[in-house]
Amino acid sequence: MARSGLAAAARVAHWADTALRPGRGGTHSDGKGTLSDATAERAAADLGLTVAQVRADWDTARLAGLVEVHGDSARPGWRLRAWDRDDSAVLRGWVALFDAWSLAHPEPDDFEHGAVADVVSALPQVLSFLQLSAGPVPVEQLLDLLEQRVTELRTERCEVPYGPRPEPVVVPVPADDTPLAPLLDWALHALTSVGALTCGDGQATLTPLGSWAVWVKLEQICVAAQSPAGNIEQAAEDMLRGCAQLRPNAARDEYRAWLAARPVGSAVTELLVAARGDDALLRGLAFEALRVVGAPAEPDVRGVVDEPALRPYALLWLAEHDGVDPEDAHEVLTREEATWLWVDTAAAVTDHGEAPMLVRHLESALQPTVPALLDEVRAVGHPRTVQVLVALAAAHPDPALAKAVRRAAFQVHTGGS
């Protein structure tokens with residue numbers, strides 16, 4: 001259903017990607033990525049559509065994230081790139097369109113703006129009722145529910161907090177006599193236009209796709225409300241630190257709750273910023289959280305492959321995303337990249353673990369002997385090499401091996417060989 005509903009938008013987006021190379025003059029410089037008249041006419045001729053159809057499909061493509069607007073230009077979104085191979089990209093695109101229903105079918109100009117805002121705010125409750133009803137619901141019943149919810153919203157805005165106030169704050173409230181029936185009619189038609197509802201004979205019913213989308217939203221709210229460690233409102237770095245002591249399953253639950261509470265794009269950006277920091281433990285945890293994100297993180301992860309500090313993590317993430325067994329994913333790394341990752345992991349253990357963990361980590365090295373490992377560790381140039389070797393020398397129970405590791409640390413520190 002999602003593919004069918006977005007097929008026309010995807011067709012125009014693919015056409016623009018091939019014919020225009022978005023970002024090179026196919027849109028107006030209005031900051032909205034609007035098609036120019038000439039481009040719309042060219043697309044209409046090439047695709048056998050009217051100009052109005054092309055513009056409508058282009059708007060849908062933008063709302064669904066098939067096309068992304070950057071400044072004065074537009075370019076293909078990751079969902080368009082993944083369209084043929086990733087069903088989740090299609091579903092996320094439709095959910096984005098569903099979330100933007102009020103933009104896909106704008107309200108008439110004569111509607112009171114405050115009342116429109118109230119109806120948009122109240123609609124999630126109406127949709128939840130429709131989802132739970134699992135069948136047709138009379139529009140009159142939905143109108144009663146909408147009026148109740150709008151009244152609650154207006155009452156909440158009028159509540160005056162206790163305690164001293166420097167100056168009274170006057171909050172404009174839409175007139176209570178604004179008729180909501182026409183606004184509900186507009187909302188139902190808008191949701192019908194994006195494929196979430198069907199309306200007829202005075203009743204409204206969620207489509208299977210609409211019911212699924214509302215269920216996903218409710219599930220996200222429940223997940224967010226059940227944040228096991230209470231880090232849901234923290235910045236990414238603080239959230240990851242809070243997850244450092246959790247078991248893997250509990251940490252994944254925390255990642256899901258944290259992700260459910262924010263837009264996926266900004267969440268991925270935050271996680272990568274945390275991964276670029278000095279704390280190697282957070283680097284590893286950030287990519288664990290990105291595994292929970294899944295496909296939407298792929299473009300951003302590919303974008304950091306050339307950053308030395310993130311490259312091994314990104315390559316492993318991409319290999320697993322492409323279906324490689326996690327146990328075999330390390331095979332995508334070169335020997336140098338694997339050694340760099342070994343040092344980075346050792347740095348995380350040095351900062352946050354205990355001596356026995358560091359000694360056990362020595363056994364996970366690819367190199368068959370400690371001298372071979374030390375040679376490659378010195379060559380890889382990790383900024384934490386000296387600290388890791390010093391800590392390993394202090395932790396290892398074998399005096400001869402500890403001495404060799406200390407000597408290697410001194411050589412790295414002094415630049416000797």
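Trainee: Of the 417 residues, what percentage count as buried?

Mentor: In this predicted model, 42% of the 417 residues count as buried. The protein exposes about 21700 Å², and carbon and sulfur atoms supply 53% of that area.

Trainee: Let's pick a strand. How do I read the two faces of β5?

Mentor: General idea: side chains in a regular strand alternate between the two faces of the sheet. Now take β5, residues 203-206. A204 and L206 sit on its covered face, while Q203 and T205 make up the uncovered one.

Trainee: Which strands are joined to β5, and how many bridges does each use?

Mentor: There are two to look at here. Strand β4, residues 197-200, runs antiparallel to β5 with four bridges. Strand β3, residues 137-138, is also antiparallel to β5, joined by two bridges. For landmarks, L197 has L206 as its bridge partner in β5, and P138 stands opposite Q203.

Trainee: What happens at the turn in the hairpin of β4 and β5?

Mentor: Two residues lie between the strands, and D201 takes a positive phi near 55°.

Trainee: On to helices. How do I read the burial pattern in α8?

Mentor: Start with the general rule: an α-helix has 3.6 residues a turn, so residues three or four places apart point the same way. In α8, the buried residues are L142, L143, L145, L146, R149, V150, L153 and R154. Their cover includes α7 (113-133), β3, α9 (181-193) and β5.

Trainee: Last one: which residues make the nonpolar surface patch?

Mentor: L91, W212 and W215 make a patch of about 270 Å². L91 belongs to helix α5, residues 87-99.

Trainee: Is L91 buried, partly exposed or exposed?

Mentor: L91 has a relative accessible area of 30%, so it's partly exposed.

Methods. Residues numbered from 1 in each chain as written. Predicted model: local features only at pLDDT ≥ 70, side-chain atom pairs only at ≥ 80, totals over all residues. Heavy atoms only, no water. Buried < 20%, exposed > 50% of the residue type's maximum accessible area, 1.4 Å probe, protein only. Pairing = 2+ DSSP bridges. Contact = heavy atoms within 4.5 Å. Patch = residues over 30% accessible without salt bridge, like charges linked within 9 Å, V, L, I, M, F, W, Y side chains within 5 Å. Areas by Shrake-Rupley, 256 points an atom, 1.4 Å probe, with all protein chains shown as cover. Salt bridge = Lys/Arg side-chain N within 4 Å of Asp/Glu carboxyl O.
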